Amino acid sequence: MNLIKKLNLIRNENKIEKEANLKLGYKSFTINKLHAELNPLLVKYGIGLTMTVVDSTVTPIPAGNDKYGNPKNNYLVHGTANYELINQDDTDERIQASIPFTGMNSQGDPSKSVGNAASYAYKYLWVTLLGL
């Protein structure tokens, strides 16, 4: 079975629904919910997934001082996540997608900016492919 047919079956079987997020003011779903619902379907239908981050930049943005008077930064990250879906029944059949991402962290930890951006790109990939 080709990847498009497999993705259509996953689209019909997935039970991922957006929930109201009062903090953000709109409906969304968490990355944990996406993994819990989607991973068994990817295994069931034999779809592998790889991701490579390219063109990633992290920019510190001065954000005043902490409670001790030391300068602190927020961190803004931009980049692109290249995804490749692989049909495990025919490994020559692949679908590639490039998802630009941006993330921001105001807790002084640049790795959290990258994590926020990577999670967003992963969610956007599946929103696009499955119409979530």
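**Exercise 1. Is Tyr-120 buried, partly exposed or exposed?**

Let's work through this one together, keeping in mind that the model is predicted.

- Step 1: Look up the cut-offs. Buried means under 20% relative accessible area, exposed means over 50%, and partly exposed is in between.
- Step 2: Take the value for Tyr-120, which is 46% relative accessibility.
- Step 3: Compare. Tyr-120 counts as partly exposed.

Now try its partner. Tyr-124 has 41% relative accessibility, so Tyr-124 counts as partly exposed too.

**Exercise 2. Work out how the rings of Tyr-120 and Tyr-124 are arranged.**

- Step 1: Find the two residues. Both lie in helix α3, four residues apart, which is about one turn of the helix.
- Step 2: Recall what you need. A pair of aromatic rings is described by the distance of the centres and the angle of the planes.
- Step 3: Read the values. The ring centres of Tyr-120 and Tyr-124 are 6.1 Å apart, and the planes stand at 20°, so this pair is stacked.

**Exercise 3. Describe the pair formed by Tyr-83 and Tyr-122, and say which parts of the chain it ties together.**

- Step 1: Count the pairs. The structure holds three aromatic pairs.
- Step 2: Classify this one. Between Tyr-83 and Tyr-122 the centres are 6.3 Å apart and the planes make 55°, so the pair is tilted.
- Step 3: Place the residues. Tyr-83 belongs to strand β4 and Tyr-122 to helix α3 (residues 110-130), so the pair ties together parts 39 residues apart in sequence.
- Step 4: Check the burial. Tyr-83, at 3% relative accessibility, is buried, and Tyr-122, at 11%, is buried as well.
- Step 5: Widen the view. Tyr-83 and Tyr-122 form one aromatic cluster with Trp-126.

**Exercise 4. Describe the surroundings of Asn-74.**

- Step 1: Asn-74 sits in strand β4 (residues 71-87).
- Step 2: Its relative accessible area is 16%, so Asn-74 is buried.
- Step 3: Leaving out residues up to four places away in sequence, Asn-74 touches several residues, including Thr-59, Ile-61, Met-104 and Ser-106.

Note on methods. Residues are numbered from 1 along each chain as its sequence is written. This is a predicted model: local features need pLDDT of at least 70, side-chain atom pairs count only at pLDDT 80 or more; totals for chains, interfaces and linings use all residues. Side-chain values use heavy atoms; hydrogens and water are left out. Helices (H or I, at least four residues) and strands (E, at least two) are DSSP runs, numbered from the N terminus. Buried means under 20% relative accessible area, exposed over 50%, partly exposed in between (1.4 Å probe, protein chains only). Contact means heavy atoms within 4.5 Å. Rings of Phe, Tyr and Trp (its six-membered ring) pair if their centres lie within 6.5 Å; planes under 30 degrees apart count as stacked, over 60 as edge-to-face and the rest as tilted.
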